[in-house]
Amino acid sequence: MNKLRVLVSVADKEGIVEFCRAVEPMVGEYIASGGTGAVLRSAGLPVTSIEDLGAHAEMLDGRVKTLQPQIHGGILARRDAAHLAELEANNIRAIDVVVVSLYPFEQTVARGQVTPEEAIEQIDIGGVALLRAAAKNHEHVTVVSDPADYPRVAAGILEGGVDAPLRRSLAVDAFRRTTAYDRTIADWLAGNGPGDDTGLPQTMDLHLELLQECRYGENPHQAGGYYGSPGTDLPFVQLHGKAMSFNNWQDLDAAWQCASAFSQPAMAVIKHGNPCGLATASSLETAWEQALASDPISAFGCVVAANRSMDLATADRIGSMFVDVVVAPDWEPDALKRLQRKRNVRLLQAQTGLQSDWQVSSAVGGYLVQESDRSADDLIPANWECATVQQPTEAQLVSLGFAWHVARFVKSNAIVLAAGTATVGIGAGQMSRLDSVWLACRKAGDRSRGSVLASDAYFPFPDGLEAAAAAGVTAVVQPGGSLRDNQVVKAADDLGLVMMMTGRRHFLH
């Protein structure tokens, strides 16, 4: 069997050295340029550069390197007499394997705060051309567009050659990759990219691939899976435990959004998509104790999120009870080992820069799309208006600011009672705001005395305030905007309450 000629051009260098070393017995020549060539050479692999093939050297800051007849002729040639003769006449040799990972355009624009110049420079031209050329000629050429395919391609090469069904499957993957890549670029250039303030996108790409199967959907008789854009990875890396279910992912999403919204060390305790406890403190351990104290009964089987590296002291506290999932941006080794004693608990690490500009949900015959709720100005108490005679103390403002922040993550009708920067009672998902007040106060018990209250939307009647005041609430923050605001404010004055108005509601259905 003739030795293979392998072209390698990868933006993502992870795993490429191992792949090339694995197939080296069957390879006669590696062809690479720029950074890819440097990585392979540093690993002791022999590499032929583009200019060594008689092609033009890289130019225009690397914008032009593989766009050459010596490269594309070797990829696109059929292995028939006519094409092989033409290659020989032009001193070009056939290329058998093409391994490409594209510039990270999607990841670049997903970061937000990216300049047009930065984004444009991450648009891959040569890599896309290589993938399309190799995929077109898949009858003769093996194309690898995803590092996850390195093991099976290497196995095929070492067994005597990648078979036709796998080459075709890899070609399909390559065309899907370039399609998704181009669509992302087109949407961004059209003003539909992250960070744009041009309103709703006129088109939205929902071409998704299965990233991970769930153990099941909302119920065991339903199938479920986690999908993402082609070429992307799961936003969380699972470090331990059994497979995630559909409900685990939903609760994890809610927990991570809650915890990561705060700058101080924060712990969020989530059940059924709602926080049953959330606190910020000087340490994760203290935040965990205060968050758990908010509703320890509901916390059984909860999903927990931290916005700091998980430490041993906090992990030890969490390990004393039954939890389903724990997620943190990083893990101290001892903390990980402590919770790994619990065989079934799922331990995950969040990737950096997680955010989404649009929320998409299914509806009958279509989809509903909205901007993510990332308002910032109404989170600052200095921007609020005090509607009552009674003015807030500094301590009340701090606590009201915390409670208002939490209310964004509670299903409507949402009522949050807080003391300091910890929740003490939460009423969520009730059909009546009065019912949510009753529920939050019942959860809080005696801790409602001296607490503050946040309501995600206005009070339509004074009855909710009256119930809160009877439970000992001293200050309230709400958006305002009801036709009966005057009646509600008068009731607050009569009850001796502080009432702050934010001017913005935060429904979460």
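Biologist: In the hairpin formed by strand 16 and strand 17, how many residues lie between the two strands, and which residue in the turn has a positive phi?

Modeller: In this predicted model, strand 16 (residues 415-419) and strand 17 (residues 422-427) run antiparallel and are joined by 5 bridges. The hairpin that they form leaves 2 residues between them, and the turn residue with a positive phi, of about 65°, is Gly-420.

Biologist: Why is strand 16 described as largely enclosed by the rest of the structure?

Modeller: A residue counts as buried when its relative accessible area is under 20%. Strand 16 is largely enclosed because the number of its 5 residues that are buried is 4.

Biologist: In the open sheet of 4 strands, what is the strand order, and which strands stand at the edges?

Modeller: The pairing in this sheet is parallel, and the order is 2-1-3-4. Each edge strand has a single partner strand, so one side of each is left without a neighbour in the sheet; these are strand 2 (27-32) and strand 4 (142-144).

Biologist: Are the two faces of strand 1 covered or uncovered?

Modeller: In a regular strand, side chains alternate between the two faces of the sheet. On one side of strand 1 are Leu-4, Val-6, Val-8 and Val-10, on the other are Arg-5, Leu-7 and Ser-9, and all of these are buried. With 7 of its 7 residues buried, strand 1 is therefore largely enclosed by the rest of the structure, and both of its faces are covered.

Biologist: At about what angle does helix 8 run to strand 4?

Modeller: Strand 4 pairs with strand 3 (residues 97-101) in the parallel sense over 3 bridges, and Val-98 has Val-143 of strand 4 as its bridge partner. Helix 8 (residues 150-158) lies across strand 1, strand 3 and strand 4, and its angle to strand 4 is about 160°.

Biologist: Does Val-369 count as buried, partly exposed or exposed?

Modeller: Val-369 lies in strand 14 (residues 366-371) and belongs to a nonpolar surface patch, whose members, including Leu-200 and Tyr-367, together have about 800 Å² of accessible area. Because its relative accessibility is 30%, Val-369 counts as partly exposed.

How values were computed
Residues numbered from 1 in each chain as written. Predicted model: local features only at pLDDT ≥ 70, side-chain atom pairs only at ≥ 80, totals over all residues. Heavy atoms only, no water. Pairing = 2+ DSSP bridges. Contact = heavy atoms within 4.5 Å. Axes fitted to C-alpha atoms, helices over the stretch in contact; angles between N-to-C directions. Patch = residues over 30% accessible without salt bridge, like charges linked within 9 Å, V, L, I, M, F, W, Y side chains within 5 Å. Areas by Shrake-Rupley, 256 points an atom, 1.4 Å probe, with all protein chains shown as cover. Salt bridge = Lys/Arg side-chain N within 4 Å of Asp/Glu carboxyl O. Buried < 20%, exposed > 50% of the residue type's maximum accessible area, 1.4 Å probe, protein only.
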